Amino acid sequence: MAAALALAVAGCGGDDGGEKTGKAPASEKSGGSSGDGKQEDTAAGEQTDPNAKLAVLKGADSMEYTVTSAVRDSGGFVTITGQMKNTGSDTFRSVSRWRGNEKEILLGSGDAVSGGTLVDAQGKKRYYVLRDTEGRCLCSTGISKVEAGKSVPVFMQFPAPPEGTDQVNLSIPTFDSVAVKISG
């Protein structure tokens, strides 16, 4: 697995709008949802401090994504973690709108937060959620719904912008963009 990680990481990086693939997130776990909106055993669930708030993205249908960490690791990745909360009075069932439109998403990620992007305005680059060699996103998957008033942990992993770039804009389909400071 370490050899596969090294090969996949070598192919990752910033781009000018093309698709990216990658392998092995900072955490080896990337579980799903139990269908009731509760996330099972994900990297975000292990790392998210629900009281921390780096930024809040406001989305359609009373959804909010609170970013609780944005960490650059030594492997050349940035992992964004947080809580996706339904602030409305009805169950949210349109998770598929959070996907991107790359071909791999339709094949491997299913209901996932795979449409997220980071934009480095200074470097004029956009970074897409990483994919493993089978086209699955390195992000929270299997979230079928979010019950009214409930939250689920959500993570997304991206190629890291160059050292020295510590602020990016995070976007998720159907949400406003917001500036996020990267630590690490």
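The legends below describe close-up views of strand pairing in a predicted model. Residues are numbered from 1 along each chain as its sequence is written, and side-chain values use heavy atoms, with hydrogens and water left out. Because the model is predicted, local features need pLDDT of at least 70 and side-chain atom pairs count only at pLDDT 80 or more, whereas totals for chains, interfaces and linings use all residues.

**View A. Strand 1 and strand 2 form a hairpin.** Strand 1 (residues 55-58) runs antiparallel to strand 2 and is joined to strand 2 by four bridges, where strands are DSSP runs (E, at least two residues) numbered from the N terminus and two strands pair if DSSP finds at least two bridges between them. Ala55 stands opposite Val67 in strand 2, and in the turn, with four residues between the strands, Asp61 has a positive phi of about 55°.

**View B. Strand 2 pairs with strand 3 in the antiparallel sense.** Nine bridges link strand 2 to strand 3 (residues 77-86), with Val71 opposite Thr79 in strand 3, and Gly76 takes a positive phi near 90° in this hairpin, which has four residues between the strands. Nine of the ten residues of strand 2 (residues 63-72) are buried, so strand 2 is largely enclosed by the rest of the structure; buried means under 20% relative accessible area (1.4 Å probe, protein chains only).

**View C. Four strands make an open sheet in the order 5-4-7-8, with antiparallel pairing.** Strand 5 (125-128) and strand 8 (178-181) stand at the edges, each with a single partner strand, so one side of each is left without a neighbour in the sheet. Strand 7 (residues 167-171) pairs with strand 8 over four bridges, and Gln167 has Lys181 in strand 8 as its bridge partner.

Note on methods. Buried < 20%, exposed > 50% of the residue type's maximum accessible area, 1.4 Å probe, protein only.
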